[in-house]
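Thank you all for coming.

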Amino acid sequence: MVNIEVVLFVVLAVLFVGSGIMVITRRSPVLAVLYLILNFFALAGLYLTLQAQFIAVIQIIVYAGAIMVLFLFVIMLLNLKDEEKLIEKITARKVLAVGLSAAVMFEILYIIWISTPGIERDVAKAEELGRVEAIGKALFSDFLFPFEVTSVVLIVAIVGAVILAKKKLD
Amino acid sequence: MNEFRLSDLWIIAPFLAVVLTSMAVLILEGIRRNNATASYATSITGLVTALGLTAATYGSADSGFRDMVSQGAFATYFSGLFIVVGLLTIVVSRGYLRRQRWQHGEYYALILSAVSGMILMASGTDLIVIFLGIELMSLAFYVLAGFFRTKASSNESALKYFLLGAFATGFLLYGVALLYGVTGSTNLAVISSKAGSLGGDPLFLLGVGMIVIALGFKVAAVPFHMWAPDVYEGAPTAVTGFMATAGKAAAFAAFGSVFLKGLAFTGTDVNLLLAILAALSMVVGNITAVVQNNIKRMLAYSSVAHAGYILAGVAAGNADGQTGMMFYVGAYAFMTLGAFTIVGMLEGVDGQGLTYGDYTGLSGRHPAAAFLMAVFMFSLAGIPPLAGFFGKYYVFLAAVEAGMTWLAVIGVLTSLVSVYYYLRLVVEMYFREPATGPDSHPAPGSMAIAALSAYAVVQLGIYPSILLNLINGRI
Amino acid sequence: MFETAIIAGAKIVLTLITLLTLVVLTVYTERRVSAFVQDRVGPNRVGPKGLLQAVADVVKLLMKEDIVPKNANKPIHDLAPMISIGVAMSTFAVIPIGSTMTLFGRQIDMMIADVNIGILYILALTSMGVYGITLAGWSSNNKYSLLGGLRSSAQLISYELSMGVSIIGVLLISGSLELDEIVGKQAATLWGGIPAWNVFLQPVAFVTFVVAAFAETNRLPFDLPEAEPELVGGYHTEYSGLKFGLFMLSEYVNMIVASAIIVTLFLGGYAFPWGEQFGLSGNSLAVAEVLTFCVKTGLVMFFIIMIRWTLPRFRYDQLMRLGWKVMLPIALANLVVTASILALMNWA
């Protein structure tokens, strides 16, 4: 009997990686955005298999629901055409880059393969931690300071976006 | 681990003062447009207050917000440095922005938020806080680099910095995530207590490596330095000066928080990795700087080289390395800020006056500026008895103590190379006749700041113990 | 395991059928109400009192030719209505229409999925709904469609914020994300016998939520994505036949779901407060609850329809200003006040 968790994981992981590859290979920006949304759904599913239901839903609300709509909005507003390749040649630099990236990837995969995780697997605890209440408590006690600082970071980002993008500063 | 205390606020008092001032400036801008003077005055007041608070917290050592931030000589020294550099930058920017006809109060708010991020990088004892500090600073920098939005070079600078910076952020987060996965915590103290038993764990080392890459990017160490010349060249000069000094100092504060105070590696492969980065930065930075013709680009490559020198102190990993790193960062801040102040003062509205040729015969046209520039160049080249010399001395000493004599040798040799391009500018200014130089603008604010920086450079060169005592908490 | 699956499947099928029937009824009601408002007769030919008119319309839509514009992006053109209807239908899954019913010796929850983050689920799905409209607008390769799609995405994003913030007010009072518990909290009575509905405890949040719900469902006065005088038909200009029908369908389903959510969050949900007085228990109580729920939802829907036929449409900039400069600040202020009051009450 195959464990249903493993099946879920494999399906979601394939979906995740597959849609990720589709995102970067599509020439039409709209299609790329759609695959990215699919990618986020697969990621949310992976979070669910880890019992992190709050993070999963937030992933969908914030990323798939809000941020990607803005992406789509901008792409449609600019009426972006399909991308055209500027350079078709395979240069030595490109080969080197691909080779190096592949080497790093296999290195990381190997390291992950041979090492043991430091945190024990505990489904009951994970379920406890994934609940909204637990996350809220953590945010407002242990992580109070980073939580508040995040708001400053966001304000700076908003101010910066307005400064760079506003039609006329007067 | 206790509940929130009011005294926690005291620990982050300088940070709070800077953040609140930044918000106040934004609100002020919202209420009264076109009133950069009010924003300017508010920023100065806020930073002076923050400096006072930093001085008041000097000597105390405590940690708050459940071990997220801490006070102590390290945090106080760096916070003070950031605030001072921020103050000087704001004074310089006032005249610079007016000359470039680009007066907007938001500029000051962004400088202030960058300073607040830097303070977190120096006082954070948790990787999350350090990460947020880096992001706060970087976001402000991205915008500041592109602040002259109608100039293509400024836009290019901002976009390059943003894209590469976001990539570096990815590395940082990945590294933090791996460390969390291995140790179950993001707190540096907890991680380092487990580092002993996990020291050789490949996943742990992978996480550390990722963090080295991200911080290496922020200090512009080779091979993560590619962004620096373009960003430094395209950004408004006052911003470049700020990025190259306070920004670099903050990145080294983060380096120090993570690798010297937090994880405390000594004599491991991590130190060797840092030493290699340091050596590469020295060699590549100095040699590339030789062939530059634009002063801002030259200073950018010089900053890469100096990142290498400072990194040597981090790589040594001993107490002297930390002291040397802190001293060097302070000395470097003054000489580079001074140099960029002069460059910004002589820069034309359309980005003219930035090549070696434009400085020909400056001693005749603007003797004071030429003299100050010469002082900064000598100090950057590491000629005694200026501050730059002692910085290098302490760092190389620490490297030798840590058994990295080869690193010190590379450092000395590359310093010799650097003499060429620093003194080339001095030669241009003093020993060549002017063809037709650009008009020099009267800028009393900038001149005052440059003179102050030069004074600091000389003073620290003659009495380095002033700064050393501050660093070691002996006042 | 197997049994649960069957029960869930039965619930899904039942809900879908009910929703579809309700849509047909709603369309008929809407036309009759509009006729009443405009002082005309309305549909009266097909069936008694024109009751079968809607059915006839459905048949007509099914028979019509499906036209896809030549330069449209075919796969996405097909996908868009599916997203719309899928999202609209699945939102209903977490809404409780009653407590429990005992059938064939089994306790059955009167909702399809009892997730403990029900509200977040609803928010997540509503945030997905925008894709159907936006993609429909884009893939049609028509400027009116595109404009409709753009308007809709901007509108939905803007109002989602005030919607989410006003929900937080309700969450603070109920202390739970579970819709069942939120309803349970509202079953109590306040001083003087008023039911403890959130509409009384959170009147401001109620107003902002209802306005946002109008915007989210693209109903007048917020139906700018398909404003006929300006945009021909808006995002569905280039749709015909069944696919157009799906858009119509999802619009009405959205309206039903929005009413159901308003009832659940603010108007006491299915709670039937006088169960004991009437001596109701078990299944008869459950029936009473379902009836309560249906009546309330029906009233809210009637209200929505009346609004549509009595108010004019906003201009686009007015819509944006209302969303960002009025609704969001009000919702935020409400949140701050609610949180402060709760904190004071806990402290005292």
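Let me begin with a definition: two residues are in contact if their C-beta atoms, placed from the backbone, lie within 7 Å. What you see is a predicted model, in which local features need pLDDT of at least 70 and side-chain atom pairs count only at pLDDT 80 or more, while totals for chains, interfaces and linings use all residues. Residues are numbered from 1 along each chain as its sequence is written, and chains are lettered from A and ligands numbered from 1 in the order in which they are written.

With that in hand, the contact between the chains takes 32 residues from chain B and 24 residues from chain A. On the side of chain B that touches chain A, two or more residues each come from helix 2 (13-31), helix 5 (106-123), helix 6 (127-145), helix 7 (152-183) and helix 9 (202-219) of chain B, where helices (H or I, at least four residues) and strands (E, at least two) are DSSP runs numbered from the N terminus. Helix 6 of chain B gives the most to this side, with nine residues.

Let me turn to chain B as a whole, which has 20 helices and two strands. Its C-alpha trace spans about 65 × 55 × 45 Å along its principal axes. Of the contacts in chain B with a separation of 6 or more, 79% are accounted for by residues 24 or more positions apart.

Within chain B, helix 13 (residues 295-316) and helix 14 (residues 319-346) pack at an angle of about 170 degrees, with their axes 8 Å apart; the axes are lines fitted to C-alpha atoms, for helices over the stretch in contact, and angles run from 0 to 180 degrees between N-to-C directions. The residues of this contact divide into 13 nonpolar, six polar and two charged.

Finally, where does B:Ser60 sit? B:Ser60 lies in the loop between helix 3 (36-56) and strand 1 (63-64) of chain B. B:Ser60 and B:Ser39 are 21 residues apart in sequence and 32 Å apart in space, C-alpha to C-alpha.

Technical notes: Nonpolar A, V, L, I, M, F, W, Y, C, P; charged D, E, K, R; others polar.
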